[in-house]
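Hello,

I am passing a structure on to you, and I hope you enjoy looking through it. My notes follow just below it.

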Amino acid sequence: MEKVNQAEFWQQRYETDSIGWDMGEVSPPLKAYIDQLPESAKAQAILVPGAGNAYEVGYLREQGFTNVTLVDFAQSPIEAFAKRYPDFPAEHLICADFFTLSPEQYQFDWILEQTFFCAINPLRRDEYVEQMAALLKPNGRLVGLLFDKAFGRDEPPFGGTKEEYQQRFQPHFEIEIMETSYNSHPARQGSELFIQMRVKA
Ligand SMILES: C[S@@+](CC[C@H](N)C(=O)[O-])C[C@H]1O[C@@H](n2cnc3c(N)ncnc32)[C@H](O)[C@@H]1O
């Protein structure tokens, strides 16, 4: 379990192409979410943590979102992304541990969750919630997908339930949406919750 806290574990997964989570495309529910955002949202500060190959970041970029930042502590996918999007601002490609990002330095209007929560050590879930809340501006939101199933293994992905998420997030977030995603990728149909939560003042 400890190993998932280490960049080397994930870097090696990329180097050996052991990336079963990688859909090779923007996640359909997140694409649909992005597509319905108004033009005025395109300048908002957005963070995609644990972005991996970052198809969502690429999609946001292609749609004209101008202030998107990704963080991942594995170097390979960031390098690959920078090759695919050579004009993407280098200072918005952060190779670092999400838990060390300084909220004094970074503040976002919204943060996009996509198979990052399930990748961290479950013992760090409250820390994840606190760090997400700290990185959001007042009224900022956390949007994305969380698995709604148990995987029953001692390695990622680590699953969970709606009840657990409600308990963990409610101290810091108003949960506006937490419901079974109707437009998931076929491989994840019925097994993920779409979430939208607003940070509490
Ligand atoms: C399961 S993968 C998901 C990648 C991507 N979101 C996707 O859906 O394809 C989890 C990603 O989170 C990154 N990661 C895990 N823990 C991290 C941490 N503490 N800080 C930064 N990145 C982390 C890993 O390097 C990996 O790229």
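Contact here means heavy atoms within 4.5 Å, and that is the sense in which I speak of one element covering another. Please keep in mind that this is a predicted model.

Let me start with helix H4 (75–84). Which residues of H4 are buried? They are Pro77, Ile78 and Phe81. Because these residues cover an arc of only 100 degrees around the axis, they sit on the same side of H4. The cover over the buried residues of H4 includes helix H1 (7–15), H3, E2 and strand E3 (93–95).

Helix H3 spans residues 55–62, and its buried residues are Glu56, Val57, Gly58, Tyr59 and Leu60. Among the elements that cover them are helix H2 (28–35), strand E1 (46–49), strand E2 (68–72) and strand E4 (108–114). Just after H3 comes Gly64, with a positive phi of about 95 degrees.

Is Arg188 buried or exposed? Its relative accessible area is 9%, and buried means under 20%, so Arg188 is buried. Leaving aside neighbours within four places in sequence, Arg188 is in contact with Trp21, Met23, Gln114, Thr115 and Phe147. Asp148 is 40 residues away from Arg188 in sequence, while their C-alpha atoms are 9.9 Å apart in space.

Terms used:
Residues numbered from 1 in each chain as written. Predicted model: local features only at pLDDT ≥ 70, side-chain atom pairs only at ≥ 80, totals over all residues. Heavy atoms only, no water. Buried < 20%, exposed > 50% of the residue type's maximum accessible area, 1.4 Å probe, protein only. Helix = DSSP H or I, 4+ residues; strand = E, 2+ residues; numbered from the N terminus. Arc of directions from axis to C-beta.
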